Amino acid sequence: MRKGIFAGLRFTSLRLRLVVVFALVALTAAVSASGIAYWLNREAVLTRTQDGALNDFRQEMQNRAATLPLHPSEEDLRRTAEQMADGSAGYSVLLLGERDAGKPIVGASDPDTFTLADVPSSLQDAVETERPVKEGNAHPYHLFWQRTQRGQTPYLVGGTKVDGGGPTGYMFKSLEAERADLNSLAWSLGIATALALVGSALLAQAAATTVLRPVHRLGEAARQLGEGKLDTRLRVSGTDELADLSRTFNSAAESLQKKVADMSAREESSRRFVADMSHELRTPLTALTAVTEVLEDEQDSLDPMIAPAVALVVSETRRLNDLVENLMEVTRFDAGTARLVLDDVDVADQVTACIDARAWLDAVELDAERGIMARLDPRRLDVILANLIGNALKHGGSPVRVAIHTEGQELVIEVRDHGPGIPEEVLPHVFDRFYKASASRPRSDGSGLGLSIAMENALIHGGSITAANSPDGDGAVFVLRLPQDADADADAGTPDGGEQGEVEET
């Protein structure tokens, strides 16, 4: 289950991207809302506390400090400061006066808590500055305030001076309670943001599951369709875009199934036509072959005017017979009826027999050790070698070198000629059926099927053939790779006959 969850949430998955997008949107919205709410509440709390304390302080300055004599004593200032601080606003008070000109005195409600050193110098300068009385400014002195911090505790400091030479007063109020309230609010908003993030992730997961389940079914159906299960269809429900996509898929799958069925029927018809035609041609070809053999035996006694025509008939009859045999072999491969008849063979002896049977001993160099054994189909190996060596002799020229060795459990046979090589544009097509390297000579001694049949015989063994030019630029190299022990249980069967040795013309 855990593996399935992490597989569904891999970085490139649509599910993970949906969850991340939902989470980011929810986080952005929650953080923005929480930030705005915190800022508004902070300003409201601080403004309410600040305005209440400053208004109360202003009123106390008018009611008490303004009634002091012009030159109050220190005791008068202290007592008045204590009276001002006894209110519900909860601040400390500091009053500054003059006993005589140039002799300041200070009275504090709580000297241990609030002294003149706690008042910022900038605030003192603003409070002591006398401004001209004019329209729009009825008083020479104003009430000023400033938020400051002592240690880890925030404070509100305010100050003003009584008009007409009265004392200067300062108030000092702790904002610790307000900060605690704001911290609680911040924690609450943070928890709400986290809950919103978790909720958005769950909603995104649910939405992704709802959306991706049909997509997953569509992907699974496409995979089955790709595996050849053309009857795969999706169950359609609803009228949304995914339902339309499912209907489109079903329509495409139905159309594809019909086209594949039509193509298979046409291919089967073509394959049956080729097979039937090849079988039908065998009977007249047998008669023609017998006649051409008789004519060939009597060729020396024929009229010199007739002898070339007889030679041409004999040659073309043999070529036609080879073409029919090749077509029948190709038909067996296409129909899947070709089978291996396995036997333990000495590969060097098999290659020597192939070369000797076709009188190629003088044109082929064999580099092979005796005793390399392999379990193969001897007839099909002979077909492969005949095509590869014959092709090298025809288009590369002698000497052709055949080297045999093993690589692990694999038999490797390399056929190399010393001709001009294979053009680069031809290399990808050398194993194609009926492929001719030159369009100017579409008719040749070969049928264009030899190398294709060689490849099919290699594949049925579980092997392969590759074609390339020699690295030193001297000729072409065909490399046949076959397992030393072909899978007898999977591929062995009864022989299908049809000896052939046609070579490809590239």
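What percentage of the 506 residues in the chain do buried residues make up? Buried residues account for 37% of the 506, where buried means under 20% relative accessible area, exposed means over 50%, and partly exposed lies in between (1.4 Å probe, protein chains only).

This is a predicted model, in which local features need pLDDT of at least 70 and side-chain atom pairs count only at pLDDT 80 or more, while totals for chains, interfaces and linings use all residues. Residues are numbered from 1 along each chain as its sequence is written, and side-chain values use heavy atoms, with hydrogens and water left out.

## Overall features

The chain has 11 helices and 12 strands; helices (H or I, at least four residues) and strands (E, at least two) are DSSP runs numbered from the N terminus. Of the contacts in the chain with a separation of 6 or more, 66% are between residues 24 or more positions apart, a contact being heavy atoms within 4.5 Å. The chain exposes about 28,300 Å², and carbon and sulfur atoms supply 56% of that area. Accessible areas come from the Shrake-Rupley method with a 1.4 Å probe, and for residues only the protein chains shown count as cover.

## Salt bridges

Side chains of opposite charge can pair when their charged atoms come close. A salt bridge is a side-chain nitrogen of Lys or Arg within 4 Å of a carboxyl oxygen of Asp or Glu. By this rule the count is 19.

| Acidic residue | Basic residue | N to O distance |
| Glutamate 82 | Arginine 78 | 2.7 Å |
| Glutamate 176 | Arginine 179 | 3.0 Å |
| Glutamate 410 | Arginine 481 | 3.2 Å |

Glutamate 410 lies in strand E10 (residues 410-416) and arginine 481 in strand E12 (residues 476-483), so this pair ties together parts that are 71 residues apart in sequence. Glutamate 410 is partly exposed at 29% relative accessibility, and arginine 481 is partly exposed at 26%.

Glutamate 82 and arginine 78 are four residues apart in helix H3 (residues 74-85), and therefore separated by about one helical turn. Glutamate 82 has a relative accessible area of 29%, and arginine 78 is also at 29%. Both residues belong to a network of salt bridges that links Glu75, Asp76, Arg78, Arg79 and Glu82.

Glutamate 176 and arginine 179 both lie in helix H5 (residues 176-226), three residues apart, about one turn of the helix. Glutamate 176 is partly exposed at 31%, as is arginine 179 at 28%.

## Surface patches

Patches are made of residues with over 30% relative accessible area and no salt bridge; like charges are joined within 9 Å, and nonpolar side chains (Val, Leu, Ile, Met, Phe, Trp, Tyr) within 5 Å. Val20, Leu24, Leu27 and Val31 form a nonpolar surface patch with about 310 Å² of accessible area together. Leucine 24 is in helix H2 (residues 14-63).

A patch of negative charge gathers Glu293, Asp297, Glu298 and Asp300 on the surface. Lys and Arg count as positive and Asp and Glu as negative, with His and the chain ends not counted; the place of a charge is NZ of Lys, CZ of Arg, CG of Asp or CD of Glu. Aspartate 300 lies in the loop between helix H6 (241-297) and helix H7 (307-335), and is exposed at 80% relative accessible area.

## Individual residues

Glutamine 50 is in helix H2 and is buried, with a relative accessible area of 8%. Leaving out residues up to four places away in sequence, glutamine 50 touches Trp145, Arg147 and Leu156.

Most residues other than glycine have a negative phi. Alanine 359 has a positive phi of about 60 degrees although it is not a glycine. Alanine 359 sits in the loop between helix H8 (347-357) and strand E7 (364-367), exposed at 68% relative accessible area.
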